[in-house]
Amino acid sequence: MTRPIVVCDDANPSTIIGLHGGVGTTEWKGFMPAITMSACCESFATLRLPPGAAIGEHRHGEAEEVYFVVSGSGVVTQDGTAVEVVPGDLVMTKAGQQHGIANNDDEDLHLVVVRATPRKNTDDHAGRAT
């Protein structure tokens with residue numbers, strides 16, 4: 001059976017060791033490259049951190065990054081402040097803000113990650129009712 005509207009799934013992720021100076025491995029799968037989108041999205045991906053793994057603290061110049069916790073739990077650090085995150089939490093990191101995430105649980109931490117840059121077009125739909 002074909003699934004014509006399904007663009008990508010989370011099968012066959014890449015394994016990254018020590019992402020941004022972190023600990024352990026991260027499974028990363030970009031759902032689609034930014035070049036295929038007309039929005040200001042640099043990355044739309046799924047990420048899995050096994051127990052004990054962490055993404056080191058880092059910054060993204062002009063990009064904002066959003067973590068949505070699908071399953072598992074962990075600790076997000078932003079500019080030196082650590083907060084526990086659980087399924088259903090959405091974490092917003094502003095451009096230039098230092099941030100990292102660690103899995104301190106005994107199961108995988110699964111996130112959806114979106115990274116976007118500011119809109120260059122001032123004729124956007126921000127603040128307008130649809």
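Colleague: Among contacts between residues at least 6 apart in sequence, what share joins residues at least 24 apart?

Modeller: A contact here means heavy atoms within 4.5 Å. In this protein, 60% of the contacts between residues at least 6 apart join residues at least 24 apart. Keep in mind that this is a predicted model, where local features need pLDDT of at least 70, side-chain atom pairs count only at pLDDT 80 or more, and totals for chains, interfaces and linings use all residues. Residues are numbered from 1 along each chain as its sequence is written, and side-chain values use heavy atoms, with hydrogens and water left out.

Colleague: Thanks! How many helices and strands are there?

Modeller: Both are DSSP runs numbered from the N terminus: helices are H or I with at least four residues, strands are E with at least two. This protein has 10 strands and zero helices, so its pattern along the sequence reads β-β-β-β-β-β-β-β-β-β.

Colleague: Which residues have the most contacts inside the largest nonpolar core?

Modeller: The general idea first: in soluble globular proteins, nonpolar side chains tend to be buried together. A nonpolar core is a set of buried Ala, Val, Leu, Ile, Met, Phe, Trp, Tyr and Cys residues joined through side-chain atoms within 4.5 Å. Buried is under 20% relative accessible area, exposed is over 50%, and partly exposed lies in between (1.4 Å probe, protein chains only). Here the largest core has 14 residues, and Leu 49, Tyr 67, Ile 101 and Leu 111 have the most contacts inside it. Strands E3 (41–49), E5 (64–71) and E10 (109–116) each give two or more residues to this core, with the largest share, three residues, coming from E10. Leaving aside neighbours within four places in sequence, Ile 101 touches several residues, including Leu 49, Tyr 67, Val 85 and Leu 111. Across the 130 residues of the protein, 32% count as buried.

Colleague: And which residues form the nonpolar patch on the surface?

Modeller: Patches use residues with over 30% relative accessible area and no salt bridge; nonpolar side chains (Val, Leu, Ile, Met, Phe, Trp, Tyr) are joined within 5 Å, like charges within 9 Å. Areas come from the Shrake-Rupley method with a 1.4 Å probe; for residues, only the protein chains shown count as cover. The members are Phe 68, Val 70, Leu 90 and Met 92, with about 330 Å² of accessible area together. E5 and strand E8 (90–93) each give two or more residues to the patch. Phe 68, in strand E5, is partly exposed at 33% relative accessible area.

Colleague: How many salt bridges does a search of the whole structure find?

Modeller: Side chains of opposite charge can pair when their charged atoms come close. A salt bridge is a side-chain nitrogen of Lys or Arg within 4 Å of a carboxyl oxygen of Asp or Glu. The search finds two. Glu 64 pairs with Lys 94, the closest N and O atoms being 3.9 Å apart. That pair links strand E5 to the loop between E8 and strand E9 (99–102), 30 residues apart. Glu 64 is partly exposed at 30% relative accessible area, and Lys 94 is partly exposed at 48%. Glu 65 pairs with Arg 115, with closest N and O atoms 3.3 Å apart. This second pair joins strands E5 and E10, 50 residues apart, and both Glu 65 and Arg 115 are buried.
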